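Please look over the sequence and the structure shown here before reading on.

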Amino acid sequence: MMRNVMRLALAGVLLASMGFVGIGSAQAAGGCTKGYACLWADRSYTGTTWGNSNNSGTFNAASTGMNDVASSAWANGGTCRYTTWYINGGQTGNWFYLQSQSIFGAGYSDPNLSNGAGYGQYNTQNFEDKLSSYKYSGC
Ligand SMILES: [Ca+2]
């Protein structure tokens with residue numbers, strides 16, 4: 001019994017460490033590694049970066065240190081066609097989406113979230129320093 005509990009705890013640690021990919025592994029030179037959604041604190045894909053692999057489904061950006069700080073975004077889901085970002089946690093509030101670079105080859109990045117962002121009914125709004133959650137769709 002105790003051994004099983006220990007195995008579960010260890011598996012949880014491993015999964016948690018896999019879900020949050022370190023800076024660098026998600027930041028390919030000038031882009032976002034296939035299988036990830038990426039944000040940067042500054043415009044034109046510079047400054048602190050955050051990436052997450054597409055098998056995690058949903059995630060609240062508040063616990064990444066990227067809450068309300070992103071100024072540029074790039075979507076490159078490996079098996080999911082779209083990444084949608086929201087201004088509130090829990091995938092609520094106004095949103096925009098980008099298309100996966102590796103699946104669509106177009107409409108996958110936005111270097112400046114202040115002058116409108118991506119696609120969707122709110123895409124003309126200022127999203128800079130507002131993003132708090134995201135999710136993949138079209139998987
Ligand atoms: Ca823009």
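Which residue in the hairpin of E5 and E6 takes a positive phi? In this predicted model, that residue is glycine 90, whose phi is near 65°, and the hairpin has three residues between its strands.

**Strand E5 and its partners**
- Strand E5, which covers residues 82-88, is mostly covered, since five of its seven residues are buried.
- Strand E6 (residues 92-99) pairs with E5 in the antiparallel sense over six bridges, and within this pairing tryptophan 85 stands opposite phenylalanine 96 of E6.
- E5 is also joined to strand E8 (residues 133-137) by five bridges, and these two strands run antiparallel; here tyrosine 86 has serine 133 of E8 as its bridge partner.

**The nonpolar core**
- The largest nonpolar core has 29 residues, and those with the most contacts inside it include Cys38, Leu39, Trp85 and Phe96.
- At least two residues of this core are supplied by each of E1, strand E4 (72-76), E5, E6 and E8, and the largest share, five residues, comes from E1.
- Apart from neighbours within four places in sequence, leucine 39 is in contact with Thr49, Trp50, Met66, Ala70, Ala73 and Leu131.

**Tyrosine 36**
- Tyrosine 36 belongs to strand E1, which spans residues 36-42, and tyrosine 36 counts as buried because 25 other C-beta atoms lie within 10 Å, where the cut-off is 20 or more.
- Although tyrosine 36 and glycine 77 are 41 residues apart along the chain, their C-alpha atoms are separated by 5.3 Å.

Conventions:
Residues numbered from 1 in each chain as written. Predicted model: local features only at pLDDT ≥ 70, side-chain atom pairs only at ≥ 80, totals over all residues. Helix = DSSP H or I, 4+ residues; strand = E, 2+ residues; numbered from the N terminus. Buried ≥ 20, exposed ≤ 12 C-beta atoms within 10 Å, placed from the backbone. Pairing = 2+ DSSP bridges. Core = buried A, V, L, I, M, F, W, Y, C linked by C-beta atoms within 7 Å. Contact = placed C-beta atoms within 7 Å.
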